[in-house]
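Me: I am new to this structure. Could you take me through it in a few questions?

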Amino acid sequence: MKLIPPYRYLRPKNLQEAVEQLGRYGEEAKILAGGTDLIPMIRDCLITPKTMIDISFLDELRYIREEGDMIKIGALATHSEILKSPLINGKTGVLAKAEKVLGATQIRNRGTIGGNLCNASPAADTAPPLMVLNAKLKAISVEGERIIPIEEFFTGPRKNALKPNEILVEVQVSPEPEKSGSSFIKLGRRRALTLSVVSTAALIVMDGVKCRDARIALGAVAPTPVRAKETEKLLINKELNGEVISSAAEKVVEEINPITDVRGSAEYRREMSKVLTKRCLLEALESVKR
Ligand SMILES: Cc1cc2nc3c(=O)[nH]c(=O)nc-3n(C[C@H](O)[C@H](O)[C@H](O)COP(=O)(O)OP(=O)(O)OC[C@H]3O[C@@H](n4cnc5c(N)ncnc54)[C@H](O)[C@@H]3O)c2cc1C
């Protein structure tokens, strides 16, 4: 059995104290939220933080609420809380669909949306839906707060745009527009409790039979989750039917850069990206609220 090297454990009373502690220990510290990514990594000696700042008790970061035309999700909201939320199910269904197939009950009860994003796995299941929702991420440090568009957040495998002294505190999304439909499809090696081999999220907004807006994002097929903007362009202002969708879905391979790993080959991921993009767009079209 491997021994975890000793570390300083801090349990801030509130967000202000957490921000100060991270400001003091910065580079050598790690934020601990649900611990479902962090603890296995420490146990496997992949990282050895000298200081752990446990924010899991900060209820001020655990909320899901609507403010004006924005839905705000605190970084410590768990996957289970998001999945059960009538607000999320009613207004951002694409995120609810992803939460339903993320991990298993135990992981969903413990893991947080902030941890899923900050861990920055290319396969993070909340990333593609949040990308098609054009999410904005609020970060706080001793220097103040800033908003990071989700497209600028992922900078490489397990790398994100946060500075060492910044905490992610909130995810902000707009509700899915009128006359829109959305879908999320995840392909894993099993039906449940599995990481994505390929995942796709799609959101389309219709104007009669014409597509007014199309957003597509994929996970596990590049060093970071990706938006497929060139594929989207092939759908916007078009009358959507099976043929248009099929030919647009072929384009998606030009926007991804998959690797071969234990879960699947690059070639398989390329093929499945086309299949899943097509299915996801068809499901999104089917679900349009007219
Ligand atoms: C058995 C198992 C199955 C899993 N299945 C899936 C799956 O199907 N899909 C999927 O996407 N993931 C899956 N995961 C991964 C994991 O559960 C999720 O990514 C989870 O959301 C991580 O959240 P957490 O709160 O546990 O993060 P933690 O482990 O606490 O933290 C993860 C990382 O983010 C940092 N961090 C956390 N919160 C913040 C914050 N607010 N500000 C700054 N940095 C922060 C931590 O320092 C750490 O580096 C699985 C994990 C396990 C063990």
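Me: Between what does the shell around the ligand lie?
Reply: This is a predicted model, in which local features need pLDDT of at least 70, side-chain atom pairs count only at pLDDT 80 or more, and totals for chains, interfaces and linings use all residues. Residues are numbered from 1 along each chain as its sequence is written. Because both domains give residues to the shell around the ligand, it lies between domain 1 (8-54) and domain 2 (59-173), with bounds from an automatic or database domain assignment.

Me: Which residues come nearest to the ligand?
Reply: A residue is near a molecule if its C-beta atom, placed from the backbone, lies within 6 Å of it. There are 28 residues around the ligand, and those that come nearest are Gly-34, Gly-111, Gly-115, Asn-116 and Cys-118.

Me: Which element gives the most to the shell around the ligand?
Reply: Helices (H or I, at least four residues) and strands (E, at least two) are DSSP runs, numbered from the N terminus. With 4 residues, the element that gives the most to the shell is H7.

Me: At what angle do the axes of helix H10 and helix H11 cross?
Reply: Axes are lines fitted to C-alpha atoms, for helices over the stretch in contact, and angles run from 0 to 180 degrees between N-to-C directions. The axes of H10 (residues 242-251) and H11 (residues 266-286) come within 8 Å and cross at roughly 140°.

Me: Which residues in H11 does H10 meet?
Reply: Two residues are in contact if their C-beta atoms, placed from the backbone, lie within 7 Å. Ile-245, Ser-246, Ala-249 and Glu-250 in H10 meet Lys-274, Thr-277, Lys-278, Leu-281 and Leu-282.
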